Amino acid sequence: NGFTFTGTPEDGDVISFTCTITDASTYSWQRLDVQPTGKEEVVTVSASTLTQELADNTIYNAGTLTALTITFPATPTASYISQVNFSSGTTATALTAPVDVVWTGDDIVSDVFVPDVSKRYSVLFFYDGVSMCGITKEN
């Protein structure tokens, strides 16, 4: 199980899309926009905590995090997209995120992402023109 993207964008393209989760294992995607902006930036996080305003077109790769605190730009671009990859250890990662994030995917409890113990996650964030959306996937 994973996210499947169709199409072949040019190197450096940013893809914004909508995601519909039919059930726990079925995801459908609709591509809305492709804009050349150059290659994404990849940030390696070596600390056990991360407090970060997530930059547009940026991937944050972390190891095991005890705490993750995220914010977003005050005025995200129409094509805003970012990703955080991290592991939750034997004590679950404490997540602090804006309350208005629209969450979908794995380990969502009462419409909020709650990292579980001993799991690795990829979390994709995108702006749909109204809301900041977060899609969680246990790897």
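This is a predicted model: local features need pLDDT of at least 70, side-chain atom pairs count only at pLDDT 80 or more; totals for chains, interfaces and linings use all residues.

Modeller: Residues are numbered from 1 along each chain as its sequence is written, and side-chain values use heavy atoms, with hydrogens and water left out.

Biologist: Which are the edge strands of the open sheet of six strands?
Modeller: Strands here are DSSP E runs of at least two residues, numbered from the N terminus, and two of them pair if DSSP finds at least two bridges between them. The sheet has mixed pairing and the order β3-β5-β7-β12-β13-β9. Pairing on one side only marks the edge strands, which are β3 (41–45) and β9 (102–105).

Biologist: Which residue forms a salt bridge with K137?
Modeller: A salt bridge requires a side-chain nitrogen of Lys or Arg within 4 Å of a carboxyl oxygen of Asp or Glu. K137, in strand β13, has its partner 31 residues apart, in the loop between β9 and β10 (108–109). K137 is buried at a relative accessible area of 9%, where buried means under 20%, exposed over 50% and partly exposed in between, with a 1.4 Å probe and protein chains only. With the closest N and O atoms 3.7 Å apart, the partner is D106.

Biologist: How many residues apart in sequence are E138 and K119?
Modeller: E138 and K119 form a salt bridge whose closest N and O atoms are 3.4 Å apart. Because E138 lies in strand β13 and K119 in strand β12 (residues 119–127), the pair ties together parts whose separation in sequence is 19 residues.

How values were computed
Helices (H or I, at least four residues) and strands (E, at least two) are DSSP runs, numbered from the N terminus.
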